[in-house]
Amino acid sequence: MNQPAARKHTALPKAQTLIEALPWLTRHQGKTVVIKFGGNAMVDEELKGAFAQDVVFLHHAGLKPVVVHGGGPQISKALDKHGIVSEFKAGLRVTTEDAMDVVRMVLAGQVQRELVGLLNQHGPLAVGLTGEDAHTITATKHQPRIEGELVDIGRVGEITEIDTGAIEALLADGRIPVVSSIARSQDDHHVYNVNADTAAAALAAALDAETLMVLTDVEGLYEDWPHSDEVISRLTATELEKLLPDLASGMVPKMEGCLHAVRNGVHTARVIDGRVQHSILLEIFTDEGIGTMVVPDAPNHGEQGDAA
């Protein structure tokens, strides 16, 4: 009697997708990934939910995600509500003492709490902290140079030191740290607003992370913007350094962060499109990388052409 032919199972493509992720799962096992959460992904409800799912997936897949966030849109809205005018100089928010109180409240009391809540819908995983906690980030007053002059922009900080002790303890305990980008100064003990891209890059380097991922509202770094929307999929630290002077101001802290990370021991830094649901998973577990990846100048053998 003939055996019936094996049925075509509709779920087979799902199995195929899971198997495709296997080499990446093996490669990233136990590695730290620092993810800077920002842009549209912070304000769109569906993207927020998908982001939380991605981070929890990374955790359960054996990686160690650390999330760093700012909160530009939420801060602007809250300052407006308090009657404080938002002003920017050299691409940085002028942060008065009153504005700093609002910034701190929004970052640590609103944005962070919401993100921790979304992650913790999947289990007791996320723990929120700010750069102030356990001296995680120490800063000094940052004065940008505009037309040759040093300009006072208030409580905006430049990172001087990172202490990863609290974050490492949380990772060892199987938690997902969620870090707000504010810091305390050793000089005057004031609290400072720190650029979240810069903070994520500094933490990635200090944690010896495998990867820094920066979510943006663009597809990646464009080859010849605005004349072309061709995305550069991969470039070395030196190639990036040459491009920096000509980049749009919003991309500068992101790309400077990527450069700092790969020059300080992080294997890859990527700018990815946070408007695409599950962009983090696509970038880490497939060879269809969807952003711009920056690698050190002399990558190890085996990392050449590596899309993950």
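Tutor: What follows goes through the salt bridges, then a strand and a charged patch.

This is a predicted model, in which local features need pLDDT of at least 70 and side-chain atom pairs count only at pLDDT 80 or more, while totals for chains, interfaces and linings use all residues. Residues are numbered from 1 along each chain as its sequence is written, and side-chain values use heavy atoms, with hydrogens and water left out.

A salt bridge here is a side-chain nitrogen of Lys or Arg within 4 Å of a carboxyl oxygen of Asp or Glu. The count by this rule is 15 salt bridges. One of them joins the side chains of Lys36 and Asp197, at 3.2 Å from N to O. Lys36 sits in strand 1 (residues 32-37) and Asp197 in helix 7 (residues 196-206), 161 residues apart, so the pair links distant parts of the chain. Helices (H or I, at least four residues) and strands (E, at least two) are DSSP runs, numbered from the N terminus.

Asp197 also meets Lys254 in a salt bridge, again with 3.2 Å from N to O. Lys254 belongs to helix 9 (residues 252-263), and 57 residues separate it from Asp197. Together, Lys36, Asp197 and Lys254 are linked in a network of salt bridges. Lys36 and Asp197 are both buried, as is Lys254. Buried means under 20% relative accessible area, exposed over 50%, and partly exposed in between (1.4 Å probe, protein chains only).

Another salt bridge pairs Lys48 with Glu114, whose closest N and O atoms are 2.8 Å apart. Lys48 lies in helix 3 (residues 45-60) and Glu114 in helix 5 (residues 97-119), 66 residues apart. Lys48 is buried, with a relative accessible area of 7%, whereas Glu114 is partly exposed at 35%.

Buried residues also make up strand 18 (residues 292-295): Thr292 and Val294 lie on one side, Met293 and Val295 on the other. Strand 18 runs parallel to strand 16 (residues 234-236), with three bridges between them, and antiparallel to strand 17 (residues 268-273), also with three bridges. Two strands pair if DSSP finds at least two bridges between them. Met293 is the bridge partner of Arg234 and also of Arg270.

Elsewhere, Glu219, Glu223, Asp229 and Glu230 form a negative surface patch. Patch residues have over 30% relative accessible area and no salt bridge, with like charges joined within 9 Å. Glu230 is in the loop between strand 14 (221-222) and strand 15 (231-232).

Note on methods
Patch = residues over 30% accessible without salt bridge, like charges linked within 9 Å, V, L, I, M, F, W, Y side chains within 5 Å. Areas by Shrake-Rupley, 256 points an atom, 1.4 Å probe, with all protein chains shown as cover. Lys, Arg positive; Asp, Glu negative; His and termini not counted. Charge placed at Lys NZ, Arg CZ, Asp CG, Glu CD.
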